[in-house]
Amino acid sequence: MSAEIADPRPEAPALQSLSDSEFRRVAAIASQDAGLMISDAKRMMVQSRLSRRVRALGCADFATYLASVETDPSGEERRALISVLTTNVSSFFRESHHFDMLRSTVLPPLIDRAKSGGRVRLWSAGCSSGQEPYSIAMLILELDPDARARDVRILASDIDPAILSKARAGAYRPEDAVNLPSPAGRRFFKSVGADGMVSVTSDVRSMVSFRALNLHSDWPMKQKFDVIFCRNVVIYFDGDRQRSLWPRFHKALSQGGWLFLGHSERIHPIEGSGFTLQGVTAYRRDGGTPDPNAPRR
Ligand SMILES: C[S@@+](CC[C@H](N)C(=O)[O-])C[C@H]1O[C@@H](n2cnc3c(N)ncnc32)[C@H](O)[C@@H]1O
């Protein structure tokens with residue numbers, strides 16, 4: 001795991017060592033259910049996170065826990081296992097150059113369209129604890145304080161229901177409310193409770209709808225998006241899973257729509273993908289459809 005995407009969760013002392021076969025079973029579930037690629041380098045991290053879960057459930061050891069995961073007909077503990085394995089690091093206005101581009105280039109024509117009664121749709125795919133979609137909402141509200149009254153909506157999705165609950169709650173430590181686009185951005189947060197947490201205002205929250213969605217399953221959304229953020233998500237998938245997503249994002253975008261990826265993610269190869277690179281990890285959907293015979297490297 002790179003420093004940039006390191007997880008802040010403190011490591012739990014391990015119960016015992018995860019055996020090779022147990023580790024492979026966990027990696028197989030992660031790959032099948034979420035497309036997550038778990039290399040040997042992540043073994044200690046997996047062992048530590050699983051230890052916490054196994055203890056919380058009162059299981060004697062990893063073997064007992066894995067047997068219960070594999071035989072649970074409801075699939076509930078399988079989903080909980082995926083939740084344990086996902087990395088949810090995020091922050092407000094992360095990779096700020098994308099927000100600069102939104103402000104200068106992407107949003108102004110979309111806001112003009114909304115002001116003329118048109119529809120604008122944005123999607124934060126892999127939204128984690130909500131900082132990304134809320135940052136987008138804050139920027140829209142800064143550019144158009146009346147945006148709430150227009151047909152402008154942000155869909156925020158993630159595979160992990162636990163992190164989505166946190167996102168919906170919209171409460172953060174004060175030190176997380178940083179990197180705001182302007183000092184005036186502070187108005188999008190209010191202090192809550194004696195615990196000193198700050199929460200995003202109802203104006204910001206009302207622009208975002210959260211839903212659980214596995215990117216490797218069907219996408220039920222019928223309307224096209226003008227902008228998709230899928231940042232620091234596909235880095236956890238293997239090459240085939242990544243490549244399977246580019247044509248799906250292409251199809252989900254309106255013509256001229258934008259796709260933003262994380263700093264170490266790329267559409268590769270770009271030839272025949274139906275996208276054009278417009279800035280650092282910022283892509284724009286061309287007209288037409290992707291070339292099915294495009295090279296696959
Ligand atoms: C590191 S966070 C990225 C958050 C945000 N996009 C950002 O850049 O700050 C990665 C998120 O991807 C989600 N994720 C992983 N696999 C997924 C899948 N198959 N479908 C949907 N979301 C997934 C994880 O649950 C996690 O919340």
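Colleague: In what order do the three strands of the open sheet lie?
Modeller: This is a predicted model, in which local features need pLDDT of at least 70, side-chain atom pairs count only at pLDDT 80 or more, and totals for chains, interfaces and linings use all residues. Residues are numbered from 1 along each chain as its sequence is written, and side-chain values use heavy atoms, without hydrogens and water. Strands are DSSP runs (E, at least two residues) numbered from the N terminus, and two of them pair if DSSP finds at least two bridges between them. With antiparallel pairing, the order is 3-5-4.

Colleague: Which residue in strand 5 stands opposite serine 191?
Modeller: Strand 4 (189-192) is an edge strand, pairing on one side only. Four bridges join strand 4 to strand 5 (residues 197-200), and the two run antiparallel. Opposite serine 191 stands valine 198.

Colleague: How far is a backbone N or O atom of glycine 126 from a nitrogen atom of the ligand?
Modeller: Glycine 126 is among the residues that come nearest to the ligand, as are Ser90 and Arg94. It makes a polar contact, that is, a pair of N or O atoms within 3.5 Å. The distance is 2.8 Å.

Colleague: What share of the ligand's accessible area does the protein cover?
Modeller: A backbone N or O atom of isoleucine 159 lies 3.3 Å from a ligand nitrogen atom. On its own, the ligand has 610 Å² of accessible area, computed by the Shrake-Rupley method with a 1.4 Å probe. The protein covers 99%.

Terms used. A residue is near a molecule or strand if one of its heavy atoms lies within 4 Å of it. A polar contact is a pair of N or O atoms within 3.5 Å; within protein, one must be able to donate a hydrogen and the other to accept it, and residues adjacent in sequence count only if both atoms are side-chain atoms.
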